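Please examine the fold before turning to the spaces in its surface. The paragraphs below proceed in that order.

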Amino acid sequence: AIYRPAFLIANGMSPPKAIVVHNHWLSEGRKMSKSLGNVLKPRELVKNFGINPLRYYFIIEGPEYYDASFDPLDLKLRYNDFIESFINLITRITSGKILKHGQIKKFDYNSFDKDDAEYMKSFQALVDEIVSLYDKYEFKVAYHRYQKLFELANKYVNAKEPWKIQDDSTRNKVVYVILESIRIFTILIDPVIPELTKYIRMFINIDESYNKRAYLKFRDVNDLQWTNYHFDKNDPVFLAITPKVRSSVFQQRFEIEQIPK
């Protein structure tokens, strides 16, 4: 809190607006010590687990108010739980049975019903709450809100049952609402796991320039170019997934051969 701001100022740079100080990371339940041989080496952690899982684990389990013990198995389980929830939602809505030919064509934008409006309102309220938690550095609490977003989106999909909808326009509307949710959530978690969100943006054709906080809300259906799925007013297709990057999105989980009881 003293030296780093001083170094920045001395180099003509602005000091930090806030400093977040956390407690100790423990190893095997004890403070790290060379004599105990339980020191965790950052480069080895990145090599063994990858940068995305580490960033995610440090955010959700970081010792904000008390010491926390680094647990490799817990890291894998928590990251897998998150990835599987997220990927499950993407898989459900982009299957060939629902998203025909990997594309959404224009639909009746005036067809949003009460259920659609209530879902988007509830989803948006959670997103706004998470942003507020970010601003207060309450990352652990924000993590639990992630799960509520998944629950809300899956509940909407279950209620709408797009795999049973025969009318293309009505089915496309449901897919559109969920892909908007995925787009928003991708922006929300980009500061935590940027390598994963990069592939998801490529998968659903979201331009990098729209990966900003200002777009953390459902776009106005009367102004679809506001957040662009490569939408062209003269093109009947305004959303098309990119199958070639599917494996980069879906092969993110850890393989765990055996979980101790």
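**Fold and pockets of the predicted model**

Of the protein's 261 residues, 43% count as buried, where buried means under 20% relative accessible area, with a 1.4 Å probe and protein chains only. The model is predicted: local features need pLDDT of at least 70, side-chain atom pairs count only at pLDDT 80 or more, and totals for chains, interfaces and linings use all residues. Residues are numbered from 1 along each chain as its sequence is written, and side-chain values use heavy atoms, with hydrogens and water left out.

The secondary structure amounts to 9 helices and 5 strands; helices (H or I, at least four residues) and strands (E, at least two) are DSSP runs, numbered from the N terminus. Along the sequence these elements follow the pattern α-β-β-α-α-β-α-β-α-α-α-α-β-α. Among contacts (heavy atoms within 4.5 Å) with a separation of 6 or more, 72% join residues 24 or more positions apart.

An open sheet is formed by 3 strands in the order 2-1-3, with mixed pairing; two strands pair if DSSP finds at least two bridges between them. Strand 2 (30–31) and strand 3 (68–70) stand at the edges, each with a single partner strand, so one side of each has no neighbour in the sheet. Strand 1 (residues 25–27) pairs with strand 3 in the parallel sense over 3 bridges, and L26 stands opposite S69 in strand 3. Helix 3 (residues 51–61) packs on this sheet, touching strand 1 and strand 3, and its direction makes about 160° with that of strand 3. Such angles run from 0 to 180 degrees between N-to-C directions, the axes being lines fitted to C-alpha atoms, for helices over the stretch in contact.

Attention now turns to the pockets. On a 1 Å grid over the protein atoms alone, a pocket is an open set of points where a 1.4 Å probe fits, with protein on both sides within 12 Å along at least five of seven lines; lining residues have an atom within 4 Å of a point. The largest pocket holds about 270 Å³ of space, a volume being the space filled by probe spheres set on the points, which are joined across faces, edges and corners. Its lining has 13 residues, of which H22, F58, G62, E64 and F139 lie nearest the centre. This lining divides into 9 nonpolar, 2 polar and 2 charged residues; Ala, Val, Leu, Ile, Met, Phe, Trp, Tyr, Cys and Pro count as nonpolar, Asp, Glu, Lys and Arg as charged, and the others, Gly among them, as polar.

The second largest pocket has a volume of about 190 Å³. Helix 6 gives the most to its lining, with 5 residues.

Note on methods:
Buried < 20%, exposed > 50% of the residue type's maximum accessible area, 1.4 Å probe, protein only.
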